[in-house]
Amino acid sequence: MTPRKVIILLIMFHLITLRVAAQNNSNGLPAAFQSLIGDLKLKVDTTAPPEDSLTKKIRILRAERGSFSFDSVIKYQIVSQQANDTKRPKEYYLNLLDECQHGYAHHQIENILINLYRQCFTEKEVDQLVEFYKTSVGKRMMIDIFMITATAGAAIQQIVKVTSEKFDQKMKAEEKKK
């Protein structure tokens, strides 16, 4: 996998944490991301991956990434949703979180992620990633890139919104001229 594709995958991960909405294409990927990635086609698969050395190494990699994993993103999203929900009881979210961390939903999510990693990385690349995340720079990168993305996310979304509004105004002005 090229460094460009790794960076794009990391950006996708962080944008997902910010709940960026985009139109999906047939691969289930936001269309804008698909155009950036090019020929990288991922297939969402909930079937259990083979219990081979690559799967074991992917599990190690996911554990090494620590607190900024998809599991923490799911927890963050559930807690955020709960904070804004006045209709459902607290137990609803406790049960939802438990299901996503330990139940059938957790197994499906785990299968999806492992299968996606298997599509993107070779065993050698997973070994290299594990080694990288064990370094102080690797550990720091996950924290810093998350903070940078989270900090910039709202501002970037606002810039896109304002720019979109300007384009809408420009289109309306051009239509009036016709």
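# Close-up views of helix packing and salt bridges

**View 1. Helix 3 packs against helix 7.** Helix 3 (residues 53-64) and helix 7 (residues 123-134) meet at an angle of about 20°, and their axes lie 9 Å apart. The model is predicted. Angles under 35 degrees count as roughly parallel, and helix 3 and helix 7 are therefore roughly parallel to each other. The crossing of helix 3 past helix 7 is left-handed.

**View 2. Side by side: the residues between helix 3 and helix 7.** Helix 3 contributes S53, L54, K57, I58, I60, L61 and E64 to this contact. Helix 7 contributes E123, V126, D127, L129, V130, Y133 and K134. By class, the residues of the contact comprise eight nonpolar, one polar and five charged.

**View 3. Helix 7 meets helix 8.** Helix 8 spans residues 136-177. Helix 7 and helix 8 pack at an angle of about 85°, with their axes 4 Å apart. Helix 7 is thus roughly perpendicular to helix 8, since angles of 65 to 115 degrees fall in that class. From helix 7, the contact takes in F132, Y133 and K134. From helix 8, it takes in S136, V137, G138, K139, M141 and M142. The residues of the contact of helix 7 with helix 8 divide into five nonpolar, two polar and two charged.

**View 4. R118 pairs with D52.** Side chains of opposite charge can pair when their charged atoms come close. R118 forms a salt bridge with D52, and the closest N and O atoms are 2.8 Å apart. The pair links distant parts of the chain, 66 residues apart. R118 sits in helix 6 (residues 104-120). D52 sits in the loop between helix 2 (31-37) and helix 3. Are the two partners buried or partly exposed? R118 is partly exposed, with a relative accessible area of 24%. D52 is partly exposed too, at 27% relative accessibility.

**View 5. E110 pairs with R62.** The salt bridge between the side chains of E110 and R62 has an N to O distance of 2.6 Å. E110 lies in helix 6 and R62 in helix 3, so the pair ties together parts that are 48 residues apart in sequence. Buried means under 20% relative accessible area. E110 is buried, with a relative accessible area of 14%. R62 is buried as well, with a relative accessible area of 9%.

**View 6. A salt-bridge network around E110.** Which residues does the network link? E51, R59, R62 and E110 are joined in a network of salt bridges. Leaving aside its neighbours within four places in sequence, E110 is in contact with R59 and R62. E110 itself is placed in helix 6. How many salt bridges does the count come to? The count comes to nine salt bridges.

**View 7. R88 pairs with D85.** The side chains of R88 and D85 form a salt bridge, at 2.9 Å from N to O.

**View 8. D71 and C100.** D71 is found in helix 4 (residues 70-83). D71 is partly exposed, with a relative accessible area of 30%. How far apart in space are the C-alpha atoms of D71 and C100? The distance is 8.3 Å, C-alpha to C-alpha. In sequence, D71 and C100 are 29 residues apart.

**View 9. The whole chain, for orientation.** The protein has eight helices and zero strands. Along the sequence, the pattern reads α-α-α-α-α-α-α-α. Of the 178 residues, 29% count as buried. Among contacts between residues at least 6 apart in sequence, 72% join residues at least 24 apart. The pair R118 and D52 is one example of a link between distant parts of the chain.

Conventions: Residues are numbered from 1 along each chain as its sequence is written. This is a predicted model: local features need pLDDT of at least 70, side-chain atom pairs count only at pLDDT 80 or more; totals for chains, interfaces and linings use all residues. Side-chain values use heavy atoms; hydrogens and water are left out. Axes are lines fitted to C-alpha atoms, for helices over the stretch in contact, and angles run from 0 to 180 degrees between N-to-C directions. Helices (H or I, at least four residues) and strands (E, at least two) are DSSP runs, numbered from the N terminus. Angles under 35 degrees count as roughly parallel, over 145 as roughly antiparallel, 65 to 115 as roughly perpendicular and the rest as oblique. A crossing is left-handed if the near helix is turned anticlockwise from the far one by less than a right angle, and right-handed if clockwise. Contact means heavy atoms within 4.5 Å. Ala, Val, Leu, Ile, Met, Phe, Trp, Tyr, Cys and Pro count as nonpolar, Asp, Glu, Lys and Arg as charged, and the others, Gly among them, as polar. A salt bridge is a side-chain nitrogen of Lys or Arg within 4 Å of a carboxyl oxygen of Asp or Glu. Buried means under 20% relative accessible area, exposed over 50%, partly exposed in between (1.4 Å probe, protein chains only).
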